[in-house]
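Dear colleague,

I am handing over the structure below, and after it I set out what was found. Please read the notes with the coordinates open beside them.

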Amino acid sequence: MSVSGLIASPSRCCLRLSDCNQGLVCRQVPSSPIASKPKAKFGKLHLERSRLTVSFRRWKMQKTHLIKCAMDASYGDMASESGAAMFPRINVRDPYKRLGISREASEDEIQAARNFLISKYGGHKPSVDAIEAAHDKIIMQKFYERKNPKIDIKKKVREVKQSRVVQAVTSRFQTPATKFIVKTSIAFIVLGVLTVLFPTEEGPTLQVAISLIATFYFIHDRLKSKIRTLLYGAGAFIFSWLLGTFLMVSVIPPIPILKGPRSFEVLTSLITYVLLWVSSTYLK
């Protein structure tokens, strides 16, 4: 027996079998198992398939959302930072230059610079990190310097120059012409040489008197005022002699080169000549 044909219908199928004795015989057999089940099964299968599709879509959306949140947590919200201004000195290594302040800035100035930059570039996270890093580095350096103080000679000199007393004194002096400086220098150098080479028993009285006259002359030559010449000359002479005496008594030790009974007066006169030269040359 062999199969010669197949006839199918929605509910059943017919197989044509060849038989040696009877020829072609048609036998009906049920069709696929699905066709024999009720049609309600198709509705349930379709519903289950729809539920699975919806669940898969929800799972996929949740996974995408989780990945986006993880990226935002790691790298920042790039969408919000895309329109924020970036700090132009973000790559500057020097923390003082990064904040735009000097190395002598106080803590209040450092904090004010930090607050200003944070308020201006707060929307850009890398800029904020760079500003905070520079601020923290400067604060730690200031703390270390307070804990381990060092004498800064340049800073001390600058502080002295910026003091009110020094500024008030320096404002009374001015630099004259070079020719005038040379003239006054020669005059007082000659007086100093005469005082050292020809000391007398009474002391260098004559040389000191000549230095006072020279002081009046040079001050009047510059200021062209008799009253100011008298006041400046007398005041400079008294101050110079008192200061020279104080230095010789309390500060300057005896010099072995200058010997004699009037060595003290000679050294005091030399100091006085220097101060009178400054007054007659630079006093304004």
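In the contact between helices H9 and H10, Phe180, Lys183, Thr184, Ala187, Phe188, Leu191, Leu194 and Thr195 of H9 meet Gln207, Ile210, Ser211, Ala214, Thr215, Phe218, Asp221 and Arg222 of H10, where contact means heavy atoms within 4.5 Å. These residues divide into eight nonpolar, five polar and three charged, with Ala, Val, Leu, Ile, Met, Phe, Trp, Tyr, Cys and Pro counted as nonpolar, Asp, Glu, Lys and Arg as charged, and the others, Gly among them, as polar.

Before going further, please note that this is a predicted model, in which local features need pLDDT of at least 70 and side-chain atom pairs count only at pLDDT 80 or more, while totals for chains, interfaces and linings use all residues. Residues are numbered from 1 along each chain as its sequence is written, and side-chain values use heavy atoms, with hydrogens and water left out.

The axes of H9 (residues 178-197) and H10 (residues 205-223) come within 10 Å and cross at roughly 175° (axes are lines fitted to C-alpha atoms, for helices over the stretch in contact, and angles run from 0 to 180 degrees between N-to-C directions). H9 and H10 are therefore roughly antiparallel to each other, a label given to angles over 145 degrees.

By the ring rule (centres of Phe, Tyr or six-membered Trp rings within 6.5 Å), the count comes to five aromatic pairs. Phe180 and Phe218 form one that is edge-to-face, at 6.0 Å centre to centre with 85° between the planes, the label requiring planes over 60 degrees apart. This pair links distant parts of the chain, since Phe180 lies in H9 and Phe218 in H10, 38 residues apart. Both Phe180 and Phe218 are buried, that is, under 20% relative accessible area with a 1.4 Å probe and protein chains only. Ring pairs also link Phe180, Phe188, Tyr217 and Phe218 into a cluster.

Helices H5 (residues 107-121) and H6 (residues 125-147) have axes that come within 9 Å and cross at roughly 170°, which makes H5 roughly antiparallel to H6. The residues of their contact divide into eight nonpolar, three polar and five charged.

For the protein as a whole, the secondary structure comes to 12 helices and three strands (DSSP runs, H or I of at least four residues and E of at least two, numbered from the N terminus). Buried residues make up 24% of the 284 residues.

Note on methods:
Buried means under 20% relative accessible area, exposed over 50%, partly exposed in between (1.4 Å probe, protein chains only). Angles under 35 degrees count as roughly parallel, over 145 as roughly antiparallel, 65 to 115 as roughly perpendicular and the rest as oblique. Rings of Phe, Tyr and Trp (its six-membered ring) pair if their centres lie within 6.5 Å; planes under 30 degrees apart count as stacked, over 60 as edge-to-face and the rest as tilted.
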